Amino acid sequence: MLALAVVLPLAGCATDSGSPDTAPSASGSSAVGGGTATAAPEVRAQLRVDGDIRQYLLHRPPAQAADGDGNGDGPKPLLIAFHGRGADAAELRAKTRLERAATARGMLVAFPEGLGHGWGAGAQATKQRPDPALDVRFTEALIKHLVRTERADPDQVYVAGFSNGGSMALRMAAERPALLAGAASVSGQLPTGDAAVEPTGPVPVMVVYGADDPVRPLAGLPSPPPDPEEPILPTRSARDSAAAFAAAGGAGEPVTREEKGYDRTVWRLGKDVPGGDRRSGGTVQLLVVDDAGHTWPGSTVPPPEGFGPVSKALDATDTILDFLTDPGPGH
């Protein structure tokens with residue numbers, strides 16, 4: 001059961017000052033008027049799902065960007081963007097500037113807040129997250145709500161995320177491929193072991209990963225160290241994560257090519273799988289970025305100490321949005 005609790009103008013975004021991923025808060029826009037596409041482009045809102053009040057930050061595109069005829073009433077693509085573990089929506093917005101790039105493309109972008117500053121990206125129940133499917137249902141409810149209230153286009157719904165949020169985006173793509181038109185993960189991999197998440201159908205997916213990630217290595221973390229607050233999930237390698245989506249999408253052998261500052265591996269999704277005709281021309285892609293750590297390539301926000309360098313060879317924000325809106329082999 002879900003219901004909209006309240007929609008508020010954004011006066012400022014609080015961050016978790018004790019988090020290693022925090023960034024300065026950003027001011028919002030003027031007051032909201034009427035909840036239409038011509039209202040203020042940025043709001044904080046709440047949604048009741050499974051008895052919890054869940055929060056999210058919503059950016060609306062300007063009317064002229066949302067609709068070519070200028071009335072702003074047409075269906076709009078929707079991007080759901082998941083922050084990293086220990087962070088929040090404001091931190092991800094500051095690091096990625098996704099809302100600027102998305103709204104320039106006429107897209108709605110929603111930054112949901114994770115419970116306890118994290119996401120249940122794996123299928124294993126834990127003491128901290130006894131219901132491992134809670135965040136999947138929340139994301140489904142949020143998408144349905146925004147389709148109904150913001151005229152989000154149900155055929156153009158995308159998810160993306162960083163680190164634990166990237167793994168959450170991959171979980172949504174794995175378990176709800178028919179709900180999404182594409183997914184992207186930066187520094188996030190598919191959980192494995194008791195928390196394993198398995199792709200179940202064809203969906204375009206891009207995985208962007210730092211070759212020198214010291215936090216969650218490129219080769220995966222099959223035996224993570226214990227965490228007293230919340231277990232860190234074991235994960236597959238970045239390549240195996242992408243390859244799992246390729247296999248579920250009936251893809252053939254991949255092609256890898258070197259580009260300036262990164263390597264790109266591309267699998268073409270097949271048509272001879274259930275739902276494959278909906279993904280005609282789609283791909284699964286892995287971008288391994290040279291001299292990059294557990295960071296968002298192209299970001300201007302300094303990463304926490306110990307997270308490694310930020311690559312400037314690739315703008316992950318534009319690269320991801322270009323791929324999501326046109327997931328063919330040319331991107």
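**A colleague's note on the predicted model**

1. Let me start with aspartate 212, which sits in the loop between β8 (205-210) and α6; helices (H or I, at least four residues) and strands (E, at least two) are DSSP runs, numbered from the N terminus. Aspartate 212 is partly exposed at 45% relative accessibility, where buried means under 20% relative accessible area, exposed over 50% and partly exposed in between (1.4 Å probe, protein chains only).

2. Before going on, please keep in mind that this is a predicted model, in which local features need pLDDT of at least 70 and side-chain atom pairs count only at pLDDT 80 or more, while totals for chains, interfaces and linings use all residues. Residues are numbered from 1 along each chain as its sequence is written, and side-chain values use heavy atoms, with hydrogens and water left out.

3. Helix α4 (residues 134-150) may interest you next. Its 17 residues reach 23 Å from the first C-alpha to the last, close to the 24 Å expected at 1.5 Å a residue (the expected span is 1.5 Å times one less than the number of residues). The helix is mostly covered, with 12 of its 17 residues buried; among them are Phe138, Leu142 and His145. Just after α4, arginine 151 adopts a positive phi of about 60°.

4. Now for the charges: there are 18 salt bridges in the structure, each defined as a side-chain nitrogen of Lys or Arg within 4 Å of a carboxyl oxygen of Asp or Glu. In one of them, aspartate 135 meets arginine 54 at 3.0 Å, N to O. This pair links distant parts of the chain, with aspartate 135 in helix α4 and arginine 54 in strand β3 (residues 52-59), 81 residues apart. Aspartate 135 is buried at 2% relative accessible area, and arginine 54 is buried at 2% as well.

5. Arginine 129 is buried at 13%, and glutamate 230 is buried at 15%.

6. Finally, have a look at alanine 247 in helix α6 (residues 238-248). Alanine 247 is exposed, with a relative accessible area of 59%. Its C-alpha is 8.9 Å from that of glycine 201, 46 residues apart along the chain.
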